Amino acid sequence: MLDLALVGGKAVTPIGVLDADIGVEDGRIAIMAVAGALPSARQTLDVSHQLVMPGAIDIHFHCRAPAHPNRGDFATETRAAAAGGVTTVFEMPISKPGCATPEIFRARRALGEANVYVNFGLYGAPGTLQRENVMGMAEEGAIAYKIFMHAAPPFRADEFLGLCLPNEADFYAALRLVKETGRRCTVHAENNNLLEYHIAQLSAQGRMDARAHVDSRPPVVEGLAIAQALTVAEDLRQPVHIAHLSSAAGLSIIRRYQQAGAPVTTETCPHYLLFTEADMDRCGPYAKISPPLRSQADIDALWQGVVDGSITSVTTDHSPFTVEEKERARHDIWSAPSGAPGIEELVPFMMSEALRGRMSIETAVDLISANGARLFDLYPQKGALVAGADADITVYDPRPVVRVDRTKLFTKARDCDCLYDGREMQGQVTTTIVNGKIVFREGQIVGARGDGRFVRPLTRIEAQVEAEATV
Ligand SMILES: [Zn+2]
């Protein structure tokens with residue numbers, strides 16, 4: 001007997017959107033069948049008129065636990081993920097202490113396993129430049145590595161320990177170490193010298209307004225860092241993934257390297273596809289994100305990259321802070337931490353854009369789920385609705401028009417969500433299933449701490465065997 005049956009829905013599968021019923025058993029998709037052909041189940045959900053898709057995989061997420069529990073922790077922020085239809089998050093290594101040694105990695109894994117409502121992978125930071133640290137985290141199951149090319153933000157040095165490598169030689173050395181692990185390296189690409197130069201100039205002019213943040217990080221700050229990272233990636237033949245791409249200039253550089261065959265991929269975020277620097281006037285420090293919000297021309301270029309495949313993932317860069325931390329910077333933008341929440345908007349935003357005709361439903365699902373799974377060696381165990389895959393499933397009702405109401409969000413940083421508050425989305429997540437268990441249903445969290453599991457990359461060979469087994 002099946003544990004759970006989803007009947008009547010439209011399943012978004014690797015071969016297209018199909019009328020298919022889905023049977024779940026022991027945490028996996030046991031069977032996909034034509035309507036009415038499933039064996040009996042202990043629980044049946046009627047998902048008629050709804051889209052049934054592989055759960056979203058957010059490959060760029062921050063809860064930062066155990067640092068700053070007032071901002072959010074593994075429990076609060078993965079509840080938000082569940083409510084947003086995200087079934088796996090990759091937690092970045094910013095924490096206190098930064099996730100840069102196998103010991104810290106193990107402790108973070110244990111903390112996550114005890115508290116998460118959805119699955120999670122952990123990034124490691126190679127910035128200690130110690131071989132045993134970098135290799136050790138791969139053995140512990142690091143999903144990938146993360147390097148920041150800028151220095152630690154002035155008042156957050158403790159959280160960024162081992163993460164920031166503004167020096168080119170250090171960056172090179174770190175990437176060479178990551179290559180030994182066989183894992184991918186994700187890079188936050190902003191050039192430190194150019195950034196500090198602009199901040200110094202603007203500060204000397206007395207600028208402290210919200211738009212000064214944008215002016216301090218023009219596209220060339222991103223572009224220069226990307227060019228450096230990709231030149232090193234090409235030289236070392238080490239795959240690099242450029243995080244949260246924000247500019248047309250950056251995209252153009254990435255395309256040039258991609259056309260030359262360099263091992264480079266990139267992602268962008270909904271906020272770079274939706275908001276401009278004008279939103280700094282509306283939201284002030286709540287819209288302070290790095291890289292910054294930019295122009296409509298940048299938005300148009302990024303959409304083109306998303307649709308033509310040069311950008312393969314859309315991620316949240318979900319970054320909870322407290323209202324106090326943001327308000328402190330109301331009249332001095334330099335003192336605000338960078339980042340905004342977004343884990344609950346990823347799926348509704350991308351599905352809205354697909355339903356309104358920007359791209360196909362299948363492309364949207366590739367961008368928020370399948371491609372991330374492929375890139376980080378989880379596919380097709382995750383990221384695909386196929387028999388044998390993990391039963392990480394999101395059910396999306398495309399019919400209602402729903403206005404984002406930040407007071408109803410699950411993230412602890414809900415009051416920092418100025419950007420999306422009030423925005424209309426086409427459709428909503430109605431059910432989120434993690435490892436075969438319903439964790440979110442009709443507006444309520446029904447899962448528990450520990451329902452999520454630690455996720456580590458399948459090796460390439462395992463991924464191949466798994467792929468053959470499910471054909
Ligand atoms: Zn980030």
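These legends describe close-up views of a predicted model. Residues are numbered from 1 along each chain as its sequence is written. Because the model is predicted, local features need pLDDT of at least 70 and side-chain atom pairs count only at pLDDT 80 or more, while totals for chains, interfaces and linings use all residues.

**View 1. Strand 12 is covered on both faces.** Strand 12 spans residues 185-188. Strands (E, at least two residues) are DSSP runs, numbered from the N terminus, as are helices (H or I, at least four). In a regular strand the side chains alternate between the two faces of the sheet. Here Cys185 and Val187 lie on one side, Thr186 and His188 on the other, and all are buried. Buried means that 20 or more other C-beta atoms, placed from the backbone, lie within 10 Å of the residue's own.

**View 2. Strand 12 pairs with strand 11 and with strand 13.** Two strands pair if DSSP finds at least two bridges between them. Strand 11 (residues 144-148) joins strand 12 in the parallel sense over four bridges. Strand 13 (residues 240-242) also pairs with strand 12 in the parallel sense, over three bridges. Thr186 is the bridge partner of Lys146, and His241 is the bridge partner of Thr186 in strand 13.

**View 3. Helix 5 ends before a glycine with positive phi.** Helix 5 covers residues 192-204 and has 13 residues. From first C-alpha to last it reaches 18 Å, close to the 18 Å expected at 1.5 Å a residue. That expected span is 1.5 Å times one less than the number of residues. Gly206 follows helix 5, with a phi near 85°.

Definitions and conventions:
Buried ≥ 20, exposed ≤ 12 C-beta atoms within 10 Å, placed from the backbone.
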